[in-house]
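Dear colleague,

I am passing on the structure we spoke about, and I would be glad if you could look through it with the notes that follow.

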Amino acid sequence: MGDRETASDTIDDIWSEYYHRGLDYDAIKALLDNFYNEDMHYESGRILGSMYTVPPSVVREAFFKFYQANLGNPGLYPGTRKMERKVVEFLMGLTHGKDNYYGRVVSGGTEANIIAIWAAREMGYKKIYTTEDVHFSVIKAAHLLRMPVEYVPMKEYVMDPDALNETLVDDSIVVATAGTTPLGYVDPIDKIGEVCKDYRCYLHVDAAFGGFVLPFLKKKINFGFEVPEVKSITIDPHKMGMAPYPAGGIVSRENIFSSIAVDAPYLIEGYSDTLLGTRQSGSVAASYAAILYFGAEGYRKIVENCMENTYYLANRAEEEGFEILTRPLLNIVNIIVDNPNRVKLALLNMGWAVSTNPKYSSIRIVVMPHVKKGVIEEFLKDMKKIDTHFL
Ligand code: 0PR
């Protein structure tokens with residue numbers, strides 16, 4: 001604590017001395033370096049709990065070249081809008097959508113999920129059915145839109161379609177997840193679609209994470225528009241699409257955006273049809289560059305490599321005496337520990353960032369491209385130093 005007080009005293013001193021009259025370039029750069037060095041960076045390989053990685057330089061350059069672009073007022077940025085359309089086309093390809101479907105690059109999975117649920121509510125759907133493992137953005141949407149949520153029981157870590165059938169009523173939204181946040185599991189979208197067929201129902205799939213993984217796995221798992229009841233899908237370039245944030249994706253079978261559009265007479269186009277106003281769209285150019293840089297074949301290789309390292313981590317962790325919660329389906333591994341929070345803090349002290357799943361009493365590792373075999377070995381060595389059972 002003492003150190004922290006000293007450091008923040010210095011920050012406050014510098015601030016109060018200079019914020020009136022300003023500071024020179026070199027001094028600002030030196031200050032920025034200090035703050036930068038306090039943060040964690042993906043390059044270190046030590047961020048194990050985030051669904052993000054370091055994009056290649058062509059992608060980073062695209063981001064900064066287009067930092068001014070704002071698709072909140074797309075009339076000024078016709079070039080960037082063309083790139084958005086291409087990114088959306090690629091997202092359609094991954095989700096089996098057709099050319100005449102709709103989509104936007106938005107700020108992230110949270111905004112994408114909120115847009116889908118908001119649009120569905122505007123179309124008269126009133127209640128949300130989902131599972132406890134849904135991402136919190138869906139709960140935020142429910143709070144914002146004052147909609148009730150019913151949690152459908154789960155079976156083997158995913159939504160139980162029979163249980164859904166017993167409780168579903170007309171005029172509801174079902175949110176299924178393809179790549180759940182805690183486990184990377186996939187709700188049975190086919191079967192959920194079958195259930196939805198008998199009701200007036202809006203089926204939204206949150207494939208924020210899984211959307212750039214599932215199409216590239218050897219085992220084919222339906223999660224997209226090939227399931228006829230699926231109306232919209234969240235699929236984020238800024239997760240496994242290797243793009244920098246803010247780059248979420250939302251694609252839909254019909255034009256859901258018109259149902260949330262509002263007049264905005266001072267914009268060149270005269271309306272706004274996403275959640276945010278101003279939209280940082282350097283990430284649209286960056287997503288475009290990432291897709292062209294890797295291509296579908298590049299993404300396939302990334303997924304193959306991440307899955308190989310995922311199995312490597314799961315096997316090596318077991319060899320070292322740790323217990324794995326589930327066999328990984330996507331590139332997420334959960335190691336069971338008695339007190340996930342304390343293990344997380346102990347690891348943080350050793351320079352590792354993992355996330356936790358208190359519900360499953362586990363720590364979660366997302367095996368992104370920077371989580372390589374060497375990193376895994378280093379991590380397991382440090383894990384063994386922690387008494388994971390008695391902390
Ligand atoms: N849907 C799913 C299935 C998600 O896992 C997430 C984020 C979202 C939607 C929301 O996406 P945005 O964060 O883009 O709005 N899941 C990550 C997670 O909780 C978010 C994250 C990313 C957390 C980086 C920590 C971190 O360091 O794992």
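**Notes on the model**

Ser 361 is placed in the loop between strand S14 (355–357) and strand S15 (362–366). Please keep in mind that this is a predicted model.

**The chain as a whole**

The chain contains eleven helices and 15 strands. Its radius of gyration is 22 Å, close to the 21 Å that the globule rule gives for 391 residues, so the chain is as compact as a globular protein of that length.

Buried residues make up 52% of the 391 residues in the chain. Of the contacts with a separation of 6 or more, 71% are accounted for by residues 24 or more positions apart. The chain exposes about 18,600 Å², and carbon and sulfur atoms supply 53% of that area. As for charge, there are 41 positive and 51 negative charges, and their mean positions are 4 Å apart.

**Domains**

The domain assignment gives domain 1 (57–292) and domain 2 (296–383). The C-alpha centres of domain 1 and domain 2 lie 26 Å apart, and the contact between them takes 28 residues from domain 1 and 22 residues from domain 2.

**Further individual residues**

Thr 326 lies in the loop between strand S12 (323–324) and strand S13 (332–336). Is Thr 326 buried or exposed? With a relative accessible area of 9%, Thr 326 is buried, because the limit for that class is under 20%. Once its neighbours within four places in sequence are left aside, Thr 326 is in contact with Tyr 157 and Tyr 185.

Lys 197 is found in the loop between helix H8 (189–196) and strand S7 (201–206), and at 48% relative accessibility this lysine counts as partly exposed, because the exposed class begins over 50%. Lys 197 and Ile 363 are 166 residues apart along the chain, and their C-alpha atoms are separated by 37 Å.

Tyr 245 and Pro 246 are joined by a cis peptide bond, with omega at about 5°, and Pro 246 lies in the loop between strand S8 (230–234) and strand S9 (248–252).

Notes: Residues numbered from 1 in each chain as written. Predicted model: local features only at pLDDT ≥ 70, side-chain atom pairs only at ≥ 80, totals over all residues. Heavy atoms only, no water. Helix = DSSP H or I, 4+ residues; strand = E, 2+ residues; numbered from the N terminus. Rg over C-alpha atoms; globule rule 2.2 N^0.38 Å. Buried < 20%, exposed > 50% of the residue type's maximum accessible area, 1.4 Å probe, protein only. Contact = heavy atoms within 4.5 Å. Areas by Shrake-Rupley, 256 points an atom, 1.4 Å probe, with all protein chains shown as cover. Lys, Arg positive; Asp, Glu negative; His and termini not counted. Charge placed at Lys NZ, Arg CZ, Asp CG, Glu CD. Domains from an automatic or database assignment.
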